[in-house]
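Subject: A structure for you to look at

Hello,

Here is the structure I promised to hand over. Please open it next to this email, and then read on for what turned up.

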Amino acid sequence: KGAGVSLAPSNFDALSTIRPRKGFEIAKSEMPFFRESMIVKEQDEMDIMRVRDMDDPYIDEVLSKIYDDVEELSEGARINMERMRMQLLSGNNGAPGISIGTADQTYLYDYDPSGAWLANNYVDISGTPTNKWGTTTAKPISDIITGKNYLASIGYNARYVLMNSTTFTELQQATEVGNMYFSLTGMPQVIVDGDVARTVIERKTGLILLIYDKVYADAAGTTHKFYPDGFASIVCDQQLGNLWAGTTPEERTLLGDAKVNVAAGESRCHKV
């Protein structure tokens with residue numbers, strides 16, 4: 001919605017000025033579809049029976065972890081939801097979009113085909129050696145304040161700044177951080193550690209610093225960060241959106257079957 005618009009002046013006994021409605025766009029696309037299954041083979045069942053014959057108090061706990069297939073698959077679904085959320089927050093070179101899947105099946109979503117959002121909401125400092133975070137001459141706090149002020153100019157109240165630990169460590173190299181710590185405390189700071197940098201950032205910008213380091217493994221077993229290196233997102237204090245989990249064909253077909261539990265399908269509405 002952005003900033004509110006003031007009423008236009010009018011004369012008494014005159015017709016009111018017609019205010020145009022704010023424009024909007026409707027973007028339609030198919031939801032991404034993810035599906036895997038797990039089975040317990042007959043040989044597995046025989047091995048389980050044989051193992052349970054052992055006199056070991058930990059056997060049942062270990063087996064319950066190994067064969068908790070519902071939780072294993074449900075966690076995979078939650079990971080994909082989180083991957084898509086974090087891609088939208090960090091962007092691909094700043095552009096809001098999603099790319100998720102494998103070499104055989106990839107879902108691509110571009111939410112800024114004209115580049116209008118990117119032009120006004122993203123700053124790339126990777127090509128400016130004196131400004132790039134990780135250098136002593138960088139001005140990360142000034143960069144964050146610039147982003148906060150821009151959001152304020154279009155009617156949004158910034159509340160958080162999001163990054164991962166790798167980016168946060170690069171930020172600490174800037175002389176600006178040490179100088180601002182000196183201006184706050186009167187104490188020179190030769191080495192800027194994480195606690196000092198957090199204090200300076202939060203006090204100087206008025207934002208809450210969020211360090212997000214969760215990781216996931218893809219289908220090939222390679223570990224990735226949900227939120228990538230080299231990005232920082234300034235986030236407002238309003239709800240950013242909603243997440244809906246769709247109904248799978250299996251859930252739709254088996255719903256109401258007393259012999260099958262499809263509760264793990266989670267077709268309810270989820271908040272981001």
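A word we need first is "pair": two strands pair if DSSP finds at least two bridges between them. Please also keep in mind that this is a predicted model.

Let's start with the sheet. Strand β3, residues 158-163, is joined to β7 by four bridges, and these two strands run antiparallel. One spot to look for is Leu-162, which stands opposite Ser-233 in β7. Strands of a sheet pair through backbone hydrogen bonds, either parallel or antiparallel. In this model, three strands make up an open sheet, in the order β4-β3-β7, with mixed pairing. At the edges are β4 (208-211) and β7 (233-236), each of which pairs on one side only. On average, neighbouring strands of this sheet are turned by 30° against each other, direction ignored.

Next, find helix α5, residues 140-153, which lies across β3 and β7. Helix α5 runs at about 35° to β7.

Now for two other helices. How do α1 and α2 cross? The axes of α1 (residues 42-52) and α2 (residues 59-66) come within 10 Å and cross at roughly 160°. Angles over 145 degrees count as roughly antiparallel, so α1 is roughly antiparallel to α2. The crossing of α1 past α2 is right-handed.

Which residues meet there? From α1 come Ile-48, Val-51 and Arg-52, and they meet Ile-59, Asp-60 and Leu-63 of α2. The residues of this contact between α1 and α2 divide into four nonpolar, two charged and no polar.

Happy exploring!

Best wishes

How values were computed
Residues are numbered from 1 along each chain as its sequence is written. This is a predicted model: local features need pLDDT of at least 70, side-chain atom pairs count only at pLDDT 80 or more; totals for chains, interfaces and linings use all residues. Side-chain values use heavy atoms; hydrogens and water are left out. Axes are lines fitted to C-alpha atoms, for helices over the stretch in contact, and angles run from 0 to 180 degrees between N-to-C directions. Contact means heavy atoms within 4.5 Å. Angles under 35 degrees count as roughly parallel, over 145 as roughly antiparallel, 65 to 115 as roughly perpendicular and the rest as oblique. A crossing is left-handed if the near helix is turned anticlockwise from the far one by less than a right angle, and right-handed if clockwise. Ala, Val, Leu, Ile, Met, Phe, Trp, Tyr, Cys and Pro count as nonpolar, Asp, Glu, Lys and Arg as charged, and the others, Gly among them, as polar.
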